Amino acid sequence: MGPAEEGFVRRQVQWVEDGLREAGRKRSDLEICLVTTTSASSDPARALDDLRSWASTEARLIADFAELPPGLERFRAEIEGAKAGYDYSQHLSTHAGHQRTVSDDLARALAVAGNPEECGRRIAGLLSAGVDGCIFPLMGGGRLERLRAAMARIAREHAGKLPRTREELYDLPGVGWKTAGVVVNHAFATPALPVDTHVGRVARRLGLTRQEDPRKVEEELSSLLPERLWGRAHQLLIWHGRRTCEARRPHCSRCVLLDLCPRRGVKESD
Ligand code: SF4
């Protein structure tokens, strides 16, 4: 969930808790995390510029809410302007023209920016709004450093061009075997069957493998199919795992593989 505005976070947590109550489930059944980006810098203008693109996307996403919390209602006209000016072809690009639709005040309200102490206080406030944790998708966990290191290696060793083989991509800082497989599949039409959590779970439930290690699952699945079907199988298994064979709630009764599946009727388990 996002954006990083305390009133909004509280409201969203309340919706989730109401839904759990109606479904007869416990709060502890779900982990609720706030996804937000943060930029801590002693230069306030730079901190804001780092996340303005993210903030404009958040503004676009909440523009259709009939009611906004008091902390955001005063930005209503600006948020509607962000929707009108949003260009999905540029989406989260840091060069997106639509980032100019949000003012400094609105960017500050939607994302976490400021000096390290201000950011710390803000995050503490967000954590007190009922979420179990925060996920910082762009700047946290050393991702920015890995991204910079990968860019430097691409510039130095590959003449500024993205390498085209999975092995070369995997050799870059911060790039895992799965990510490298997804990139060669989509960018270079090179057959690969990368295994994420959905692919692994669905493959095990269908009895296609007993392996837990994604590399071994990939080896076994790849040996079952001709190369030309690897990319398609990767997509189908992911979407089946996201939409039907969900980890916690597999929808066996409406599954097209019901008759073939050795685990039909499985409950929350792998
Ligand atoms: S029948 Fe159930 S366990 Fe088997 S693939 Fe379908 S949803 Fe998953």
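A residue counts as near a molecule or strand if its C-beta atom, placed from the backbone, lies within 6 Å of it. The model described here is predicted: local features need pLDDT of at least 70, side-chain atom pairs count only at pLDDT 80 or more, and totals for chains, interfaces and linings use all residues. Residue numbers start from 1 along each chain as its sequence is written.

**Ligand**
- There are 14 residues around the ligand, and Cys 245, Cys 252, Cys 255, Cys 261 and Arg 264 come nearest.
- The shell holds nine nonpolar, two polar and three charged residues (Ala, Val, Leu, Ile, Met, Phe, Trp, Tyr, Cys and Pro count as nonpolar, Asp, Glu, Lys and Arg as charged, and the others, Gly among them, as polar).

**Domains**
- Domain 1 covers 6-138 and domain 2 covers 143-254, with bounds from an automatic or database domain assignment.
- The centres of domain 1 and domain 2, taken over C-alpha atoms, are 30 Å apart.

**Helix packing**
- Helices are DSSP runs (H or I, at least four residues), numbered from the N terminus.
- Axes are lines fitted to C-alpha atoms over the stretch in contact, and angles run from 0 to 180 degrees between N-to-C directions.
- H2 (residues 44-62) packs on H4 (residues 76-84) at about 100 degrees, with axes 8 Å apart.
- H2 is therefore roughly perpendicular to H4 (65 to 115 degrees).
- Ser 56, Ala 59, Arg 60 and Ile 62 of H2 meet Ile 79, Ala 82 and Lys 83 of H4 (contact: C-beta atoms, placed from the backbone, within 7 Å).
- H10 (residues 197-205) and H12 (residues 230-243) pack at about 85 degrees, their axes 8 Å apart.
- The contact of H10 with H12 involves five nonpolar, four polar and two charged residues.

Conventions. Helices (H or I, at least four residues) and strands (E, at least two) are DSSP runs, numbered from the N terminus. Angles under 35 degrees count as roughly parallel, over 145 as roughly antiparallel, 65 to 115 as roughly perpendicular and the rest as oblique. Two residues are in contact if their C-beta atoms, placed from the backbone, lie within 7 Å.
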